[in-house]
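This report describes the nonpolar core, the aromatic pairs and the sheet of one protein model. Please consult the sequence and the structure shown here while reading.

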Amino acid sequence: MPQNVEILHDRAALVARALDLTLAAYREAVAARGQFAFVAAGGSTPKPLYQALATCELDWSLAHVFWGDERYVPPTDPQSNEGMTRRAWLDLVSIPPANIHPMPTNADDPAIAASRYEAHLRNFFHLAPGEFPSFDLTLLGLGDDGHTASLFPHTPALAVSDRLVTVGQKDNRPRLTLTAPAISASRAVLFLVEGAAKAEAVRAILAEEGTAEQYPARLIRGNVTWLLDAAAAAKLP
Ligand code: 6PG
């Protein structure tokens with residue numbers, strides 16, 4: 001599957017390009033559909049992008065923010081993707097609280113939380129059974145093991161194709177994650193990857209080596225763009 005790959009000199013250039021693409025997606029979505037449905041990624045890489053978005057003068061009432069995955073902790077936990085995104089961005093802009101759609105992590109059973117988020121998405125996007133949401137832009141990171149969102153190698157979540165949201169597992173700890181087909185149904189998917197630690201996974205994934213079980217990011221299809229810094233791209237031919 002040919003992928004759109006852009007290699008940026010360093011982190012600053014990577015973040016600037018990601019900001020450009022995010023703002024372009026916002027403008028296109030608002031012009032075409034009157035709203036912008038964005039899926040935030042967790043981890044550390046996206047944080048400077050969120051900080052940059054916090055400085056943008058946009059009509060944030062037209063933006064809706066979802067998450068691609070969440071550690072199964074309260075939003076106040078330092079590990080929380082929701083908490084990181086709010087501190088870096090959402091708390092600093094005038095986005096209506098109802099436009100922020102966090103993954104719930106307060107049910108005893110993560111599977112119940114996954115079902116609740118799925119129901120929320122189906123309601124928001126008015127989905128018929130079997131339909132997938134059309135997020136305007138889904139941001140993804142990449143682990144050095146080739147995982148994305150909370151789709152980790154050799155885990156049951158990789159095989160889930162009839163749901164929007166499922167339970168991922170990292171080191172036997174539960175996470176919530178959008179499924180691969182739910183992510184792939186996005187109008188645009190943007191991988192934001194930096195650092196030498198990711199270079200081998202990037203090389204294998206773009207070369208379509210190994211299996212999707214080994215490199216779950218390979219499950220993500222559709223309109224996919226990879227933004228890499230020079231270090232993450234160092235092993236590409
Ligand atoms: C998470 C993310 C995860 C992340 C990668 C890369 O919840 O941790 O969704 O998929 O994107 O692990 O993380 P870094 O950006 O911290 O390298």
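## Nonpolar core

The largest nonpolar core has 77 residues, of which Y50, W89 and L178 touch the most other members. Such a core is a set of buried Ala, Val, Leu, Ile, Met, Phe, Trp, Tyr and Cys residues joined through side-chain atoms within 4.5 Å. Helix α1 gives the most to this core, with seven residues. In soluble globular proteins, nonpolar side chains tend to be buried together.

The model is predicted: local features need pLDDT of at least 70 and side-chain atom pairs count only at pLDDT 80 or more, whereas totals for chains, interfaces and linings use all residues. Residues are numbered from 1 along each chain as its sequence is written, and side-chain values use heavy atoms, with hydrogens and water left out.

Not counting residues up to four places away in sequence, L178 has contacts (heavy atoms within 4.5 Å) that include V39, W67, M103, Y117 and I183.

## Aromatic pairs

In the whole structure, 12 aromatic pairs are found. Rings of Phe, Tyr and Trp (its six-membered ring) pair if their centres lie within 6.5 Å; planes under 30 degrees apart count as stacked, over 60 as edge-to-face and the rest as tilted. Y50 and W89 form a stacked pair, at 5.5 Å centre to centre and 25° between the planes. This pair links distant parts of the chain, 39 residues apart: Y50 lies in helix α2 (residues 47-53), and W89 in the loop between α3 (81-88) and α4 (110-124). Helices (H or I, at least four residues) and strands (E, at least two) are DSSP runs, numbered from the N terminus.

Y50 is buried at a relative accessible area of 0%, and W89 is buried at 2%. Buried means under 20% relative accessible area, exposed over 50%, and partly exposed in between (1.4 Å probe, protein chains only). The ring centres of F66 and F124 are 5.2 Å apart with planes at 70°, so this pair is edge-to-face. F66 in strand β3 and F124 in helix α4 are 58 residues apart, and both are buried.

## The parallel sheet

Six strands form an open sheet with parallel pairing, in the order β1-β9-β8-β5-β2-β3. β1 (4-8) and β3 (63-67) stand at the edges with a single partner strand each, so one side of each is left without a neighbour in the sheet. Two strands pair if DSSP finds at least two bridges between them. Strand β2 (residues 36-40) pairs with strand β5 (residues 137-140) over two bridges, and V39 stands opposite T138 in β5.
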